[in-house]
Structure formats: C-alpha cells, structure tokens
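Here's a quick look at some ring pairs and a helix packing. Have the sequence and the model open as you read.

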Amino acid sequence: GDRCSTFDDSIDRDKPHVIATIDVEVGDIATLQQPIDRWRSGERGGEDRFGDLILFDLGDLWLTESERGSRPNIELAPNDSEIRQNWGWFLCTHGRAKESIAEFELAVRNPLYRTPDVSLVNAGKCSEAIGDRKRAEEFFMRALSINPGSGVAAYNLSLLAYREARFDEARALMKRVMAQN
C-alpha cells in the first residue's frame with residue numbers, strides 16, 4: 001500500500017529537504033511521476049506540497065534511464081547526510097554495495113548528522129555483503145561507540161562474531177541486545 005509522511009511547515013523552504021517518503025508496492029507510475037517532474041522542472045509548492053525533495057522507494061522505477069548509475073538528488077544537496085545515507089542504502093541493496101560505503105562515510109563526516117550510527121550500521125552490513133568482515137566489524141564498533149545503546153549495531157556485531165565462530169563474544173553481544181528489549 002501507499003504510505004506518506006506528513007509535511008513539516010517549520011522547514012526552510014529555500015533548501016531541499018525530504019518532506020515525504022512514499023512506499024509503493026503497486027501503483028500508477030504516471031501519477032507518481034508528476035511530482036518528480038515538477039521538482040525537476042523547478043516548480044515549487046502548490047496544493048500538493050511536493051515542492052521539496054521527494055524520495056520514492058520504487059527501486060529502479062523512480063530513476064530515469066539517464067539517472068541509472070548516477071547520483072540523483074545528491075547534486076541538489078551535497079551535504080545532506082540523510083540523502084547520502086538513503087542513496088548509499090539504495091546502492092547497497094541494488095548490487096552496488098562496494099560503491100555504497102563511500103556514501104555512508106560521507107554522511108557520517110557531517111558533524112550535524114543526527115543519526116550517524118545508522119549510516120555506520122548500514123556501512124557494516126554492506127561491507128559484510130562484499131565479504132569485508134574486518135571492515136564490517138569496524139563499522140559496527142564505531143556505531144556502538146557513538147550510540148552504545150544501539151541494539152541494531154550490537155545485533156549485527158553479534159551475528160558477525162557468530163559467523164566467525166567467536167561464540168562467547170556473540171553470546172555476550174546477544175545478551176546486551178536482549179537486555180534492551
């Protein structure tokens with residue numbers, strides 16, 4: 001089904017921001033393409049309130065042929081860590097995990113980024129996906145150093161330790177995760 005977040009009137013209208021995330025399982029692509037086309041043409045505002053950056057979770061469907069393999073939206077807001085995080089995750093989940101790591105690292109470098117642990121966990125997952133377990137562990141540990149209460153980081157670190165037959169470490173990390181729930 002469709003899901004849309006609410007619009008926040010408090011944001012600065014002169015800067016691109018994510019104001020809506022729409023998940024679509026089955027839908028009318030032509031209808032969804034309209035706000036994207038308005039954004040690309042520079043048209044802002046209006047009754048539909050899609051005047052700022054919109055992220056559509058449609059996989060490859062939301063990218064035009066010329067955008068496939070490029071970095072859409074980043075050129076609009078190169079210092080926006082959320083966009084870099086989302087683009088990194090898109091790359092990772094679409095067969096380009098190695099490329100995604102740089103996007104996560106750029107997101108984390110921003111001192112104003114409120115959730116760097118999310119990008120670090122995702123960088124760890126993507127590093128593991130390409131077989132770089134050492135780097136994955138480093139990313140998970142960095143996430144835990146920033147957010148010691150991150151159950152997601154501890155869980156992924158536990159899985160990694162388990163896969164490497166470090167069972168005592170995996171058990172200790174899993175106890176940490178379970179204590180949070």
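F90 is buried, with a relative accessible area of 12% (buried means under 20%, exposed over 50%, partly exposed in between, with a 1.4 Å probe and protein chains only). Bear in mind that this is a predicted model, where local features need pLDDT of at least 70, side-chain atom pairs count only at pLDDT 80 or more, and totals for chains, interfaces and linings use all residues. Residues are numbered from 1 along each chain as its sequence is written, and side-chain values use heavy atoms, leaving out hydrogens and water.

F90 pairs up with W87, and the structure holds two aromatic pairs. Rings of Phe, Tyr and Trp (its six-membered ring) pair if their centres lie within 6.5 Å; planes under 30 degrees apart are stacked, over 60 edge-to-face, the rest tilted.

| Pair | Centre to centre | Between planes | Type |
|---|---|---|---|
| W87 and F90 | 5.1 Å | 10° | stacked |
| Y162 and F167 | 5.4 Å | 65° | edge-to-face |

W87 is buried too, at 5%. W87 and F90 sit three residues apart in helix α2 (residues 81-93), so about one helical turn separates them. Helices here are DSSP runs (H or I, at least four residues), numbered from the N terminus. As for the other pair, Y162 is exposed at 53%, while F167 is partly exposed at 43%.

Now for the helices. Helix α6 (residues 151-163) packs against helix α7 (residues 167-180) at an angle of about 160°, axes 8 Å apart. That makes α6 roughly antiparallel to α7 (angles over 145 degrees). Among the α6 residues in contact (heavy atoms within 4.5 Å) is Y162, and F167 is one of those in α7.

Technical notes. Helices (H or I, at least four residues) and strands (E, at least two) are DSSP runs, numbered from the N terminus. Axes are lines fitted to C-alpha atoms, for helices over the stretch in contact, and angles run from 0 to 180 degrees between N-to-C directions. Angles under 35 degrees count as roughly parallel, over 145 as roughly antiparallel, 65 to 115 as roughly perpendicular and the rest as oblique.
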